[in-house]
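Welcome! Please take a moment with the sequence and the 3D view below, and then we will walk through them together.

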Amino acid sequence: MPDAFRTCPATGRRIHLGAEALVKANAVVAVVALLIGAIAALLLVLTRWQAVHLLPAVWYYRILGVHGMNMLIFFIIYFEMAVLWFCCTALLNSRPAAPRLGWVSFALMFIGAAMVEWMQWSGRADVLFTSYPPLKADPLFYLGVILFAVGALTVVGLFFATLVIAKREKTYEGSVPLVVYGAITAAIIAVITLLHGAMIYIPTFLWSLGIIPEVDPQMYRLVWWGLGHSSQQINVAAMVAVWYMLAGLTVGGVVLNEKVSRSAFVLYVLFISMASAHHLLVDPGFGPAWKIVNTSYFMYMAVLASMIHGFTVPAGMELGMRLRGYTDGLFGWLRRAPWGDPGFSGMVLSVIVFGFVGGITGVTIGTEQINIIAHNTLRIPGHFHATVVSGTAMAFMAATYYLLPLVFRRKVAFWAAAKWQPYLFSLGMLLLSMGMTFAGSFGVPRRHWDISFSQAPFDVQFNPAVDLVLAVMGIGGIMAVTGALLFIAIAVKSVFFGEPVGEWKIGTYVPGIPPGITNPPVHAANVDEINERMHAGRGFPGPTPGTMVLVFVFLGAFMVYYFTNWKLLSQLWKLG
Amino acid sequence: MLTKVHTGLDPVPGIWWKPAHRAEKVWVGIAFAWCMVLFAMMPLWHWKGGQNPSGIRTRVDPKAFLARTQAFAKQYQVETDRGVPVVAPPPGSDIYLTAMTYQWYPILKLVNGKTYRLHISALDVNHGFSLYPVNVNLQIMPGYDYALEVTPNAAGDFRIVCNEFCGIGHHTMVGRVIVTDDAGNTVSDNRTARVGGAP
């Protein structure tokens, strides 16, 4: 294949046309999966909202499985494939390794995904997303997952090969940018994750064919969560990389210190995969020492990493803004930030909801004993909708607003709507997550068709407050799905029927192109000098006092929520 | 000493291992200290706290466990509710509960403030033990006997909701636990509640 490049008019980067096609194809399939998942989400939320109770039982459980696979696996991993291709080629000015094999992997993933969809929709895999044996699905379901995982694993291999090519052909100088470093982190975690997937789905596939007699249910849960939870850690690493990328593109966010940010990524690689233990805290198969060491990522080293990024990302933005002259007060930089740029607002909302809701609830309910009052209640989906959806999906949507003009070279369609899409989506998800979290605190189970228990032998009367919080969940869910469908409409219209970006004068505002592209947040020529001055003589709050205040607000909220849960736990029956 | 101002999109020339500013060091230090608090709380609760999900865990043959449960139910049965035996074992004894699609077997009748060793396992697939409204949640799976010492702290009529998807009738799987007051009197019951089947 000839190695044709184009030069990006906005950033001056060399972009390989073959790699660009791969980015586009993966991103488009991701959006299709998002569409299926979003329609499923609407049906589910209208069923769980007990006052509406839309679907019949069979279809509720079936659609729940469809929603899980499309959102957590197909949408997210396809988008991550696009991110990996983008980072290793466009950000490093490199050609891709073996683009033809890239297409083979793409097709393999597509076939696998199609098989899973077919099995799920035809009712031959009513085992939900987790497919815990001895519940059994059609062998083609497991085979589909295996094909998808093999395809994704191959792309990760090509990503590493491309890094080697870029290094050898010297397409960049020095060390890779931080964003690529984050993508490498995501790729390493992806290898760990996908190997777990192969390790558990291959024996389960053989069991479904009758070749091996049984799969131990506890062993399955242990290894499966090495896929199920760790795949969400690919998301975390990819999302943080996207945060750094958008911080740079939208407000000229700087990297305060490479050592600190990169060490935090290394902590992810070393420790974050242990989090699969979060799902096994009230399982019979493991002892307390195993549970404590694993659930805490060996003494919360991955939490430390997230708390570091939670500081360095906003601090980098603050310093980036201050260096460009927005120095008034503690929060002048925030007030005067480009809130009308969906790439910026989406990223900031992702940081906030991921940290304050997803992060705090996750660490709390992932505590060995506190898990007793959370396991399999609606608190669990309440938590992960705040991380995977309000965090990762929101960040990926925000990134898309930049990828459309930069990679697809199309203006963002429905620009006026695009500007408020992040707010609608994020607020909707926030309400949904909070509604689920509070309902779960009252003991409302997850994955349950009918909490009025109309067909059960004994009545169960939930606290009347549950009706209220489920209504909040329902309204939030409808808002979020609307936001997601809006995003899909914008993406599809832009990609297939969009107006070409054309030419613009730097420094002007062009509707349909995020301001970070037409009016890039460049730093002054003497920025290093200004930076020296800003650092000199500052004491404890440093050059980013606003962020310092914000992180302490975060820590306070964290402590309150965490210890409140211990208090609730202490009121239970004695148990142990 | 400072690295040159750059964004996360720029390659970093040379060595990027440079000292961090004090503000960052302070935050990393505080975050680390908080992580140690988070970590210490779990062993501390094993030592001082009253709720721990450890118990005694053994492998068991699912059919043998069901047989053990049935023998236990027969031994201490006091009455029957909707076809399910109500079992009142003596305080301090080993008590058994089997989860199966779509039933919790049997109904347990316990005395407030007394301790029992509760063995739970599943006959067929994964189930979720969710004691309502106390909000104790445990994963129950076939082949594993999950035994925990439990001490009720209030009399009442409790439910066990299945909160792990176990099949198409999952949402009908509800069991019952009765806790009498210290004197052995039932403080409430659900005899007026509707019986399942027709909605």
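Which residues are buried in helix α9 (residues 288-295) of chain A? They are K291(A), I292(A), N294(A) and T295(A).

## Before we start

This is a predicted model, in which local features need pLDDT of at least 70 and side-chain atom pairs count only at pLDDT 80 or more, while totals for chains, interfaces and linings use all residues. Residues are numbered from 1 along each chain as its sequence is written, and chains are lettered from A and ligands numbered from 1 in the order in which they are written.

A residue is called buried if 20 or more other C-beta atoms lie within 10 Å of its own, exposed if 12 or fewer, and partly exposed in between, with C-beta atoms placed from the backbone. Helices (H or I, at least four residues) and strands (E, at least two) are DSSP runs, numbered from the N terminus.

The buried residues of α9(A) pack against α1 (22-48) of chain B. After α9(A) comes Y297(A), with a positive phi near 45 degrees.

## Where the chains meet

Chain A brings 94 residues to the contact and chain B brings 86; two residues are in contact if their C-beta atoms, placed from the backbone, lie within 7 Å. On the side of chain B that touches chain A, α1(B) gives the most, with 18 residues.

Chain B is divided into domain 1 (1-52) and domain 2 (56-180), with bounds from an automatic or database domain assignment. Taken over C-alpha atoms, the centres of these domains are 44 Å apart.

## The largest nonpolar core

A nonpolar core is a set of buried Ala, Val, Leu, Ile, Met, Phe, Trp, Tyr and Cys residues joined through C-beta atoms within 7 Å. The largest one here has 265 residues, and L84(A), A152(A), A183(A), W243(A) and L246(A) touch the most other members. Helix α2 (residues 57-89) of chain A gives the most to this core, with 22 residues. Both domains of chain B also give residues to this core, so it lies between them.

Beyond its neighbours within four places in sequence, L84(A) is in contact with residues including V155(A), F159(A) and A187(A).

## Two packed helices

Helix α7 (residues 230-251) of chain A packs with helix α12 (residues 342-365) of chain A at an angle of about 140 degrees, their axes 9 Å apart. Axes are lines fitted to C-alpha atoms, for helices over the stretch in contact, and angles run from 0 to 180 degrees between N-to-C directions. Among the residues that meet are W243(A) and L246(A) in α7(A), and F344(A) and M347(A) in α12(A).
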